[in-house]
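Let's take a friendly look at how charged side chains pair up in a protein model. Have the sequence and the structure ready as you read.

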Amino acid sequence: MFCDSYPITAYEDLGAGVYSLRVKAPQITAAAQPGQFVEIGVPGFSLRRPISLCGIDPEKGEIRLVIADRGAGTHTLSTLREGDSIDLLGPLGTGFALPEPGAHVALVGGGIGTPPLLPLAERYRETCNAILGYRGRDQVILDVDFARFCDTVVCTDDGTYGVKGTVSPALEALLQACRIDIVYACGPAPMLRAVRDLCMQYSVRAQLSLEERMACGVGACVGCAVMTEHGGVRRVRRVCKDGPVFEAADIVF
Amino acid sequence: MADLSVTIAGVPFKNPVIAASGCFGFGLEYEDFFPLEALGGVSLKGTTLEARAGNRPPRIAETPAGMLNSVGLQNPGIDAFLREELPKIAGRDVVRIANIAGRSPAEYRELAERLRGAAVDLIEVNISCPNVREGGAAFGATCEGAVSVVREVKKAAGQPVVVKLTPAAADIAEIARAVESEGADAVSLINTLLGMRIDLESRRPVLRNNFGGLSGPALLPVALRMVWQVSHAVKIPVIGMGGVSSGRDAVEMFLAGASAVQVGAALFRDPFAPVKIIGEMNAWCDTHGVEYVRDLRGAASLWEDDPDWRLL
């Protein structure tokens, strides 16, 4: 883990109140794994903002952070531009289990839950299927980025873009059509529950990336918690340290 | 270089900065940022007799100049603490403080008994947790409650006892005097102050526990006032905490009467906070010609009343 001030190399407005920052942070980049996150320090705020890694580029020593402007802190961050510096703590947490390239994986992302899945699309490419869900056309982000790497299906609740409906029918069709070794999902809780249920029904391993309000980010304060159950034993685990990625079958919603 | 060493209840600290209980896990979570040895002491996560799951999340909410938490004493229990957590830091050159919490005076006594001979230098008795239904701040809010716990702990404790006080007491100095007379070796204050935040859209509290303890810079002036009052009411040392985020804050705590400080929420904004505070205290002492940081303890003096000024 590192904590320092790092330069921003690119800012991009993705629309829908979502923006992308690329940050030159070679130490963090070298240690980072898909599914991990950083905590961003925002001047004037007592708590850091946990943001997942949407891109890890070891060659450039850069990470990419995709952030929704949905509060005073993330709004302050939205004013940062190329050349500004940003206070990062990371890489944090336990990321996705990574089977060897060639494994057939499915990504299921909902809204602002899509960014942490992008490094998986880049890793698995031809053996990866992405299913991305959004409320409507105006909320769609990163679909082009995913489509650069892998087969990508976009679903919208209102049918204004891609397939009308939630991600569930598309995931079920995929699970029926081909052998999937593992499903990775990140998004709102109802979507995660649906993914978990479908994967259990089809006996496919699934890992979910959870979101929780957190403070320290390093496992010290146990402010973020998720109840898990494995082999009949219930345990409270730390989202920031033991997660944010957990086996879907273990999570007690 | 000033001499930052202090002694609390006979236990020597190389410097007066202690990581606060509940903010520093069992001591190893911040090892990527600084070695444990950089600190004067570490107060470990509050431990109960049995393993506890704590409160349902969300447990964290941001506030102006601070934060709320409603963790609710999640911990693996005293057995796991002694068997798995404490051995990992037992050989380290840092003052180890075990923090204990129970539902009854008898439970506190049993916890103190279990710690006899363990690799801890001090026992911090948490009678001030605002996030649990039984025990916690209920004991710390009254002299009778506080005394009932400290009496039992002192019967069993093999280490000096620090009693952690709550700002929820009507008169915290009175509680401090009561625990001192029961044999408490030091007091630490303040624990968090009960607060609340409400989500405008859902019209529900942000915390699933509805209420939670306020910590962070917002607490500093309240803590300073209480450290002042307590340190002028008792002879035992006072460990000051509540929003300490800089060397200047720590010096202010000393001037108010503290013999050491604990640092908690500041870690979450800056994982280097405790070592920065130590460095800043050192620098402040040097520029102000202070050779021994302990000489700052209680060095502030109040203004006298000036009744003549009010004459109209």
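Predicted model: local features only at pLDDT ≥ 70, side-chain atom pairs only at ≥ 80, totals over all residues.

Is B:Arg52 buried or exposed? B:Arg52 is buried, at a relative accessible area of 13%; "buried" means under 20% relative accessible area, "exposed" over 50%, and "partly exposed" in between, using a 1.4 Å probe and protein chains only.

Residues are numbered from 1 along each chain as its sequence is written, chains are lettered from A and ligands numbered from 1 in the order in which they are written, and side-chain values use heavy atoms, leaving out hydrogens and water.

A salt bridge here is a side-chain nitrogen of Lys or Arg within 4 Å of a carboxyl oxygen of Asp or Glu. Over all chains, the count is 27 salt bridges. Here are some of them:

| Pair | N to O distance |
|---|---|
| A:Arg64 and A:Asp145 | 2.9 Å |
| A:Arg237 and A:Asp242 | 3.9 Å |

Take A:Arg64 and A:Asp145, whose side chains meet in a salt bridge. A:Arg64 sits in strand E6 (residues 62-68) of chain A and A:Asp145 in helix H4 (residues 143-149) of chain A, so their pairing ties together parts that are 81 residues apart in sequence. Helices (H or I, at least four residues) and strands (E, at least two) are DSSP runs, numbered from the N terminus. A:Arg64 is buried at 4%, and A:Asp145 is buried at 18%.

Finally, A:Arg237 is partly exposed at 23%. A network of salt bridges links A:Arg237, A:Arg238, A:Asp242 and B:Glu29.
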